[in-house]
Amino acid sequence: MDINQLVRKNIQKLTPYQSARRIGGNGDVWLNANEYPVAPHFELTEQTLNRYPEPQPEKVIQRYAQYAGVQPDQLIVSRGADEAIELLMRAFCEPEKDSILYCPPTYGMYQVSAETLGIKTKTVPTKADWQLDLKRIEQHLDSVKLIYVCSPNNPTGNLIDPEDIKALLNIANNRALVVIDEAYIEFSPDSTVVSWLANYPNLVVLRTLSKAFALAGLRCGFTIANKPVIDALQKVIAPYPLATPVADIAAQALSKDGINAMKLHVINLNKQKEKFANSLAQLSVVEKVYPSSSNYLCVKFQDNKDVFNILWNKGIILRDQSKSIGENNMIRITIGTQAECEAVLSALKAIK
Ligand SMILES: *Cc1c(COP(=O)(O)O)cnc(C)c1O
């Protein structure tokens with residue numbers, strides 16, 4: 001029996017998302033998934049594993065609401081921001097009929113989630129400066145229910161102009177939700193748009209504990225929006241999205257001490273980033289280091305050098321973004337520890 005014949009048509013065509021962890025490699029320097037380079041330490045305090053967890057763990061919601069400066073009913077917690085990307089589609093888009101819109105080069109999961117759900121996708125590439133092409137977005141809004149904008153953008157590292165986000169919210173008013181993916185906002189905290197919720201009923205903000213909070217393995221993310229949006233998401237989310245140990249650790253990470261530790265990490269990492277960017281810019285193999293408001297650098301290397309594979313063979317695993325950005329030798333490098341950044345620099349210096 002050919003099981004593949006039973007699989008939904010749109011799923012038959014798909015290949016699994018090439019996440020950083022799936023690509024493989026035998027490295028000892030992992031700078032390809034925008035993870036924080038050092039593991040935080042937590043002890044479990046909840047032992048009630050015979051019971052189902054709270055559907056929306058109150059402590060986690062209370063503490064994140066306070067951290068983000070919103071009301072608890074403007075928040076839903078999920079299995080990472082990735083689950084939130086999909087929940088929005090499941091709540092707002094009719095399969096085969098409605099579309100999402102996003103602006104490449106950007107995060108790959110908007111497309112993957114839409115394709116698995118049978119929701120159509122429209123793409124409006126960013127302009128040469130990686131900012132939104134508002135005129136073309138406006139021309140492509142037919143059937144669009146969700147517009148995903150990542151700021152700071154992955155993989156390019158730039159913030160999206162806040163005036164453009166405002167203009168987009170106005171263009172989309174009464175037609176579509178504008179979803180601002182703030183997975184990296186802790187590295188540029190002044191640029192959050194959360195305070196605009198009072199003025200824009202169609203604004204949605206995505207957050208995660210995976211990046212600045214150093215908890216990618218925890219799988220915990222947040223959607224911030226006005227209550228009617230959150231109410232719709234509550235209808236489609238799984239009954240128990242967060243395991244008890246996840247909620248336990250998330251609550252600790254969001255305590256006063258946890259948030260202070262995260263902020264200290266961000267200060268150090270941003271310093272490390274500046275130093276690393278300056279050192280990279282001085283290497284002959286480097287053509288350009290793009291400014292970054294996040295925890296990674298987008299770097300353009302000389303066209304005739306096989307930088308990605310040379311470093312791969314030395315156990316330094318980076319992320320090749322040439323295809324997604326549409327330019328040869330564009331590599332995204334996560335900011336690691338000082339030792340890891342130095343390993344990258346010395347491997348690059350050895351390239352003749
Ligand atoms: C890492 C990342 C996410 C996913 O976050 P999780 O909470 O780990 O699912 C979402 N959006 C962007 C832009 C990311 O880079």
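This is a predicted model: local features need pLDDT of at least 70, side-chain atom pairs count only at pLDDT 80 or more; totals for chains, interfaces and linings use all residues.
**Ground rules.** I number residues from 1 along each chain as its sequence is written, and I leave out hydrogens and water, with side-chain values resting on heavy atoms. Local features need pLDDT of at least 70 and side-chain atom pairs count only at pLDDT 80 or more, while totals for chains, interfaces and linings use all residues.

**Entry 1: the ligand shell.** I looked up who surrounds the ligand and found 13 residues (near means a heavy atom within 4 Å). Ala81, Tyr184, Thr208, Ser210 and Lys211 are the closest. I sorted the shell into 5 nonpolar, 4 polar and 4 charged residues (Ala, Val, Leu, Ile, Met, Phe, Trp, Tyr, Cys and Pro count as nonpolar, Asp, Glu, Lys and Arg as charged, the others, Gly among them, as polar). Helix α4, residues 80-92, gives the largest share, 3 residues (helices are DSSP runs of H or I, at least four residues, numbered from the N terminus).

**Entry 2: polar contacts.** I then checked N and O pairs within 3.5 Å. A polar backbone atom of Ala81 sits 2.6 Å from a ligand oxygen. For Tyr184, a polar side-chain atom is 2.6 Å from an oxygen of the ligand. Ser210 places a side-chain N or O atom 2.6 Å from a ligand oxygen. The protein buries 94% of the 390 Å² that the ligand exposes when taken alone (Shrake-Rupley, 1.4 Å probe).

**Entry 3: a helix pair.** Helix α3 (residues 58-68) packs with helix α9 (residues 244-253) at about 25 degrees, axes 9 Å apart (axes are lines fitted to C-alpha atoms over the stretch in contact, with angles from 0 to 180 degrees between N-to-C directions). That makes α3 roughly parallel to α9 (angles under 35 degrees).

Conventions
A polar contact is a pair of N or O atoms within 3.5 Å; within protein, one must be able to donate a hydrogen and the other to accept it, and residues adjacent in sequence count only if both atoms are side-chain atoms. Helices (H or I, at least four residues) and strands (E, at least two) are DSSP runs, numbered from the N terminus. Angles under 35 degrees count as roughly parallel, over 145 as roughly antiparallel, 65 to 115 as roughly perpendicular and the rest as oblique.
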